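Let's take a walk through this protein chain together. Have the sequence and the 3D view open, and look up each residue as it comes along.

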Amino acid sequence: MSEAPSTESPADAPEAPRLEVTELVDVHFEDLDANGVLHNSRYPVLLEHALGAYWYARGWHHDPKRSASPDTLQVVRAMAITYHWPVTEVGKVAVRFWIDRMGRTSYTYGFEVRSADGSVLHADGTRTHVNLDPATFTPRPFDERSLTEFSDLVPAPATGAGA
């Protein structure tokens, strides 16, 4: 890794305006590998902590009896990460996320892991979730309440010629 830290990302030039959320999450000493850098397996955990902080604050809970959302069984279908610059210290990092694509039964987050001040891009990627019916474990369309919650993170449709 001889290149300088990058502040660029494919997500920096969206086709349509998007709403983003940034959550500061902790990197702990035990998250670092023997080389003193954040282990690659910890990046998904950082994203999980950021998503959990966001959705739990909005009333989502994994227990359907305690959740404001009826769509409590969502599983990860796919995840892709590109690593740009290693995290080499314990402390806060900024996890920024948004929804790239929203379907009837699934959606895809775009995300970035950056330094706490946002100046260094450590990693970026996508993660796709599928909403499942708890009784059959088959894909189930999202409830209107869930779609309303997701709408804060979904890009507005493109406007203008050809839109």
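## Tyrosine 109 and its neighbours

Start at tyrosine 109, which touches Leu51, Trp55, Phe97, Trp98, Ile99, Asp100, Gly125, Thr126, Arg127, His129 and Leu153, leaving aside residues up to four places away in sequence. Touching, or contact, just means heavy atoms within 4.5 Å.

Before going further, a word on the source: this is a predicted model, where local features need pLDDT of at least 70 and side-chain atom pairs count only at pLDDT 80 or more, while totals for chains, interfaces and linings use all residues. Residues are numbered from 1 along each chain as its sequence is written, and side-chain values use heavy atoms, with hydrogens and water left out.

## The nonpolar core

Tyr109 also turns up in the largest nonpolar core, which has 25 residues; Leu46, Phe97, Tyr109, Val113 and Leu153 touch the most other members. A nonpolar core is a set of buried Ala, Val, Leu, Ile, Met, Phe, Trp, Tyr and Cys residues joined through side-chain atoms within 4.5 Å. Buried means under 20% relative accessible area, exposed means over 50%, and partly exposed is in between (1.4 Å probe, protein chains only).

Two or more core residues come from each of strand E1 (21-27), H1, strand E3 (91-102) and strand E4 (106-115). Which element gives the largest share of this core? That's H1, with seven residues. In soluble globular proteins, nonpolar side chains tend to be buried together.

## The whole chain

Zoom out, and you'll find two helices and five strands, in the order β-α-β-β-β-β-α along the sequence. Helices (H or I, at least four residues) and strands (E, at least two) are DSSP runs, numbered from the N terminus. The chain has 163 residues, and 36% of them are buried. Of the contacts with a separation of 6 or more, 67% are between residues 24 or more positions apart.

Tyrosine 43 lies in helix H1 and is buried, with a relative accessible area of 3%. Tyrosine 43 and valine 113 sit 70 residues apart in sequence, yet 7.7 Å apart in space, C-alpha to C-alpha. Among the residues that tyrosine 43 touches are Ile81, Val113 and His122.

Over in strand E5 you'll find histidine 122. Is histidine 122 buried or exposed? Histidine 122 counts as buried because its relative accessible area is 7%. The contacts of histidine 122 include Tyr43, Trp85 and Val113.

The largest pocket holds about 430 Å³ of space. On a 1 Å grid over the protein atoms alone, a pocket is an open set of points with protein on both sides within 12 Å along at least five of seven lines, and lining residues have an atom within 4 Å of a point. Grid points are joined across faces, edges and corners, and a volume is the space filled by probe spheres set on the points. The lining has 23 residues, with Trp55, Trp60, Asp71, Gln74 and Tyr107 nearest the centre. H1 gives the most, with five residues.

Now look at aspartate 71, in the loop between helix H1 (42-57) and strand E2 (74-83). Aspartate 71 is buried, with a relative accessible area of 1%. Its side chain reaches the backbone nitrogen of aspartate 143 at 2.9 Å. Aspartate 71 also touches several other residues, including Trp60, Asn131 and Arg140.

Note on methods. Polar contact = N/O pair within 3.5 Å; in protein donor to acceptor, adjacent residues only side chain to side chain. 1 Å grid on protein atoms, 1.4 Å probe; cavity = no way out; pocket = protein on both sides within 12 Å on 5 of 7 lines; lining within 4 Å.
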